[in-house]
Each structure stands twice: as structure tokens, then as C-alpha cells.
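Welcome! Please take a moment to look over the sequence and the model, and then we can walk through a few of the details together.

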Amino acid sequence: MSFKIAIIGAGSVGFTKKLFTDILCVPEFKDIEFALTDVSEHNLQMIKAILDRIVEANRLPTRVTATADRRKALEGARYVISCVRVGGLEAYADDIRIPLKYGIDQCVGDTICAGGILYGQRNIPVILDFCKDIREVAETNVKFLNYANPMAMNTWAAIEYGKVDTVGLCHGVQHGAEQIAEVLGAKSTQELDYVCSGINHQTWFIDLRLNGRPIGKDELVAAFEAHPVYSRQEKLRIDVLKRFGVYSTESNGHLSEYLPWYRKRPDEITRWIDMSDWIHGETGGYLRYSTETRNWFETEYPQFLEAASKPIDRAKRSNEHASHILEALETNRVYRGHFNVKNNGVITNLPQDAIIESPGFVDRFGINMAAGITLPEACAATCIASINVQRMSVHAAISGDIDLLKLAVLHDPLVGAVSTPEEVWQMVDEMVVAQAAWLPQYAHAVPAARERLSTSQVKTREWAGAARRSVRSIEELRAEKAALKQAG
């Protein structure tokens, strides 16, 4: 069979390589075309060279093209995959550093909270541009697979305003299941059956079975508290498990910034996080990690090319959903996964217009969600608080209404636990002014925001957060890794 896949943001070298090799693990897909597009010509040429080497080494008829002309890449595509980050690290730094001045301490800042909301404001206009091109030049029944954060907001905008058949994809559920299998002593996740449902980055394992045996709260709590690593790294996550009765998919650091209880006081934050790795709650941890590793693919490029010269190992196909969805749609081999789609009755106690993440099955007829799921009340309440923020954020991004944007930020659970309305209004003005280059819908509001900032009496804070005080270079990271390997 032959069809075309377009990857927008293909300059994400490592992730694009993973998607590419996963898809080529499906024997029927050897004769397809990959069209790569990115705003970085340099990254685009690097990834094309790597993928060309894979094709050559495996003697495949697969075609790989690369162009900065997005419409050309999308032309005739049956599937479109997006992994873009609008504004790059420059804008992302503002997402973390400006809110921190107002006491809002984020570990990641890519989903909700102040950083995630502004990230959505940058992404949504671009997502709608993608959708316009997709409608005009791609195949009639094209499917848009969004991997970009903020997942729920991007998917919401693409479906409701972009009018494109869209599914949001994330790997949080798989990672959570791997942890649960490990603490329960399972040999692999194949022994674990589960229903995991909620919204992206706030999904909950509401039904767990190990080799068919139900696993309850007390057994799971005991297993996590007995684990020599997770008992230390996932303290907040375990506390939520104790109180809610179900385990969350998201890492300690991610989960902490979606809730109003754990990161609101500087003297409390260190109780709940672990500094052994950024993902366990370090202030601005993902920004630091991303800054340190921003050019990792440059230094690792020779190794990438060397690895690309080897045959594809189908046994190492990853658990990223994309290749499995395409395989099910094209071959009718049924796939079960967890997908981000509009609710429409799938979860009974969440709003119908929300983007939910829940189990579904894929075959030649499409993605078929398992309907009639009811979340525990505490899980639903937590999700609804975030959904209300997401809805206002999407509508603000579409309309360019800065007052609605401020209200969305004000209603964020962590922001509301930390900041006053006056602080939120000034903070949003500061973020919009700083990120004006990526926020065309707010161009009309920037002059007034700048004027308000010049006369504001609201004072910012000195809190630096629980963070490393320096950023290391790639060379330092590699030396540190080598030293640890030698010591171990």
C-alpha cells in the first residue's frame, strides 16, 4: 500500500526518528512517503539524512522529502503529525521565569498553569494555520495526529475551530502503567490490565488488574511506599493516591502544578518534590533540562547516523500510539490505546465539549471510544477545574481577548492558590508584552499592557524556587554521565 504522511515540526530529531522507525515496523508500510517540514532548515536536513540512511540500510522503497514549504509537505497527505513548539526556548523561558516572580512555581509549565496557558496562546493560531492548509491540500479524509502540548487546548482548537479530524496523542498512560507493573512485581506491562481515564496529564487508573486479579488502593499504596526509588521520587503522587484512591498518570513534578495544594508555599514545596531528576518537581526543571540539552542532537549526530545504518529491529517498536493507529486504520488489525478526543458522552461526569483522554479501539472504521465511563468524584472535580481553564484559554486564543485570558489564568488552580487578582493582571500583561512576537491575536492589546506595566504598583517577589543554580553544557552533561557510569 502507498500513502503520504506529513510531519510538521520534523526538526525534533529524536522524536521524528522514533515515529519513522515505528511506522516502518509495519511491513505493509514500506512503500509510503514521508514529507518532513520545519521552520529550521538545518534540523530538517539533519533528520532527512538520518531517515535516508535508515531507508538505504533497510533497502526500502520508502520515500523521504523535506521542505520548509508546509503546504507542499501537506499536499495529498493522508496523515499529518504535529510535534511543534511555537516560540522555542526563548518564549518557554518567559512561561517559567515571569510567573515565578509572582510566586507561581512550575516544574514544567506546558499544560495549564500560567506557562501552559500562554503556551496555548502561542500554539493555537499556528494550529489553525495548519488546519487551514490541511483542509485545502491534504486528502479529503485526512487524520491529524497532534503530539504537541498543551495537548488538550491544541486538540480542542483543531477540532472545534480548525474543523479537522484530530486525535491528541501522549505517552503518560504508558509510563504510569510501567511504574505500576514494576511496583507490583509484574514481569511486564502485559500482565497488567487497566482502564485509565480523565484528561491529558490528569488521567487516573480507575480499574487495575494484575493477571486478572483486581488491585485496590491499599495494595497499591503499600507497593509504592515499599519501592526504594518511587517512594522517594513520587511523594506527592503517592499522597494523591492515598487521598483520591487512584493513581495518576503524571510524574510528581507534572501533577504538582495542576493542583492548588502542594506548590503554593515555598516552605512546603521541598516536602513534596525530589531533586534527583528534574521531572520529580524541580522549579523550572524542564526548562533547565531543555536548555542543557537543546543541541544534544548536534553532538550525537554521528552516533545517530551510525545507528541509522543498522537494520530496523521490529522488536524494539515503541509504545507511542501513532504507528499502531495507522496500522489499525490501514490493515484492520485492532489496536487498543488511550486517545485525546472530544468527550461527547465518553466520560459521564465531565463536560461534553471537553477534550478527554480515555481508552479506545482503532480499526478500519476509525477510533472507537469506550463510552459510559464515570470517574471518582474527586478525580472529576480536579479535571473539571482544569477543563474550565482550558475552555477559557482556547476561546481567548481564538478571540484575542486579553481580559478573558486574564480570567483563564486567574481561575487556574495553582495560580489562584498563590496570586491575587492584581498580581495576575500584571503578570499576564508582562507575559503578553514579552511574547508579543508569537501572539499576533493580542497585537492590539500590547500597547495598553505596556503602558499599564509602566505605572503599576504591584510588587513582584524574590522566590527563586527549588532549583539548580546553574545550567550545564552538553559537554558537562556527557562528562557527568561518563563519570557516573565509571563509578557505577
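## Aromatic pairs

Two rings of Phe, Tyr or Trp (for Trp, the six-membered ring) form a pair if their centres lie within 6.5 Å, and a pair with planes under 30 degrees apart counts as stacked. In this model, which is predicted, that rule gives a count of 16 aromatic pairs.

One of them joins Trp204 and Phe244, whose rings are stacked, with 5.3 Å from centre to centre and 15° between the planes. Trp204 belongs to strand S8 (residues 202–210) and Phe244 to helix H10 (residues 235–244), so this pair ties together parts that are 40 residues apart in sequence.

## Around the stacked pair

Are Trp204 and Phe244 buried or exposed? Both Trp204 and Phe244 are buried. These two residues also belong to one aromatic cluster, together with Trp261, Tyr262 and Trp272.

## A charge over a ring

Another ring to look for is that of Tyr92. Arg85 lies over the face of Tyr92, at 4.4 Å from the ring centre.

## A look at Ile117

Next, find helix H5 (residues 113–137), which contains Ile117. Residues under 20% relative accessible area count as buried, and Ile117 has 0% relative accessibility, so Ile117 is buried.

Which residues does Ile117 touch, leaving aside its neighbours within four places in sequence? Ile117 is in contact with Ile112, Met153, Val389, Ser393, Leu405, Ala408, Val409 and Asp412. As for Thr62, which is 55 residues from Ile117 along the chain, the C-alpha atoms of these two residues are separated by 39 Å.

Key: Residues numbered from 1 in each chain as written. Predicted model: local features only at pLDDT ≥ 70, side-chain atom pairs only at ≥ 80, totals over all residues. Heavy atoms only, no water. Phe/Tyr/Trp six-rings, centres within 6.5 Å; stacked < 30°, edge-to-face > 60°. Helix = DSSP H or I, 4+ residues; strand = E, 2+ residues; numbered from the N terminus. Buried < 20%, exposed > 50% of the residue type's maximum accessible area, 1.4 Å probe, protein only. Lys NZ or Arg CZ within 6 Å of the ring centre and 35° of its normal. Contact = heavy atoms within 4.5 Å.
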